[in-house]
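Dear colleague,

Please find the structure below. My notes on helix packing and on the contact between the chains follow it.

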Amino acid sequence: MTRHRTQRRWQIRQPSVLPGFGLALGVTLSWLTLIVLIPLAGLVARASGIGLSSFLALAADPRVIAALKVSFGTAFLAALINVVFGVILAWVLVRYQFWGRRIIDAMVDLPFALPTAVAGIALTAIYAPNGWIGALLEPLGLKVAFTPTGIVIALIFVGLPFVVRTVQPIMEEIDREVEEAAATLGATRFQTISRVLLPGLAPAVLTGFSLAFARGVGEYGSVIFIAGNRPYVSEIAPLLIVIRLEEFNYAGATAIAVIMLIISFAMLLVINSIQAWSRRRYGYGA
Amino acid sequence: MARDADSLNVQSATTESPLARRALIGLTLVFLLLVLVLPLIAVFTEALRKGVPAFFEALGDAETFSAIRLTLIVAGIAVPLNLVFGIAASWAIAKFEFKGKAFLTTLIDLPFSVSPVISGLVFVLLFGSHSVLGPILKSYNIQILFAVPGLVLATVFVTFPFVARELIPLMQEQGTADEEAALSLGASGWQTFLYVTLPNIKWGLLYGVLLCNARAMGEFGAVSVVSGHIRGMTNTMPLQVEILYNEYNFVAAFAVATLLALLALVTLVLKTLLELRFSDAISSGRRH
């Protein structure tokens, strides 16, 4: 029976004595189709039903453009900040032994585990003008909560583990001999790190950046509490989708969603190709 | 190695000066304190701001109770569904070589790159009263949006890749030798899976389920779009937090939030224990 099946499926898969390929793939494909593909296809179908001219009109709405700018701008900034601190954090966790390292390592995953709404109200409580940190910044004239800065803070929170968890395992694999070689050739420690180690980490850092960025663009729960949600200033694109839905403006909501998806995929495509290039050039086989 | 260098009072060539090291550790600690630790502390202090009795009074509320119940129901349906899917997907992808495998893996990861709000929106567009399916469902009196089925669908969508992502690299590392041995000794396919594969992957499976469950219970954006916010009916715990917060009932909002924060802490502790105790039995490739 195995042989019979092997011959029949020769075109699709390589032969194997293990059973259950048909069942497993069948379950996978039908579940994937039902839960992910049909709903997403529905979104695309809906968008194509709008018609190009009305779609462009919806896309050119100044409030939509402003919201997209806020979403992509704050996500970009937060991902950049996360790259800097995430790489330092990963370095400290991989290279140094100190009391509490294990706990810190575990804490890094907190944003994965903590529901976004909880993170949102907690960050707002801290950074509001009467909060622990907000009250310290207020006399300096710095406002965080209810401004785009607050959005960046929330996105730093949700994006941090993406950078750390992508860079950390690659850092663990770094061969110490490379560093020793650099040192024997007269490089200072700073030169070794910046010229030898960091370029090799570039692919992993880029992956972490793109994951944090993608998550930040779509983030909703942690942002809406701290953002203040003023149209044209601190209103994010996902919130505008929700507002359009509450107005029963389905075409408007669909248009924003499709634009977000197109820009996100285009940016990820660019980042992926930079990453492929840097991996060929520098990578540790990341 | 760094420690040896210290005791000899010689600077190792592959580590930073003690000063730089302390500065980096200090910087990291301050950053984590500001970004991660303070919010967690804030949840508990805000919840207890008006004392312990007020905290428990807020938790004893009937609507809060129904939100807890609904969250458990939704996660209780969504997580097992994705568990079965995750096992099926990883069996097909990790144990066999076939064309289009990389593409299939990409499709499984797709929900991770879609905004939670869009994840909810797609179901509103599919089942809403203005959609093709809407009137048909209505004529049969089937309620999907603003009801439990919609909440479950949105939750399944956002947690779709969790179990599969954890199992695929693990099962790829383990290869097919164990299963081939069992089959050659006369075990049936199901016996092989139950007695050979499942014990091999159980800790990785638990790890995936843990993360899947945390996200399922904590999901906000997607659920918010399909829920309709009917009080005491379609509000999950995170949505209840939002409603209480928007009513300026901060103690109650943070009281419900403490439950979710405790869930997150329990998840982290179990996850860390799994990583420490069974690091070989959960995939080394991925740590989240």
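A crossing is called left-handed if the near helix is turned anticlockwise from the far one by less than a right angle, and right-handed if clockwise. By this convention, α10(A) and α11(A) make a right-handed crossing. This is a predicted model, in which local features need pLDDT of at least 70 and side-chain atom pairs count only at pLDDT 80 or more, while totals for chains, interfaces and linings use all residues. Residues are numbered from 1 along each chain as its sequence is written, and chains are lettered from A and ligands numbered from 1 in the order in which they are written.

The contact between α10(A) and α11(A) (C-beta atoms, placed from the backbone, within 7 Å) involves Val178(A), Glu179(A), Ala182(A) and Ala183(A) of α10(A), and Thr192(A), Val196(A) and Leu197(A) of α11(A). Five of these residues are nonpolar (Ala, Val, Leu, Ile, Met, Phe, Trp, Tyr, Cys and Pro), one is polar and one is charged (Asp, Glu, Lys and Arg; the others, Gly among them, are polar).

In chain B, helix α8 (residues 148-158) is largely enclosed by the rest of the structure, because nine of its 11 residues are buried (20 or more other C-beta atoms within 10 Å of the residue's own, C-beta atoms being placed from the backbone). The cover over the buried residues of α8(B) includes α2 (21-50) of chain A.

Between the chains, 76 residues of chain A meet 74 residues of chain B. On the chain A side, α2(A) gives the largest share, 14 residues. That side comprises 58 nonpolar, 10 polar and eight charged residues.

Yours sincerely

Key
Helix = DSSP H or I, 4+ residues; strand = E, 2+ residues; numbered from the N terminus. Contact = placed C-beta atoms within 7 Å. Buried ≥ 20, exposed ≤ 12 C-beta atoms within 10 Å, placed from the backbone.
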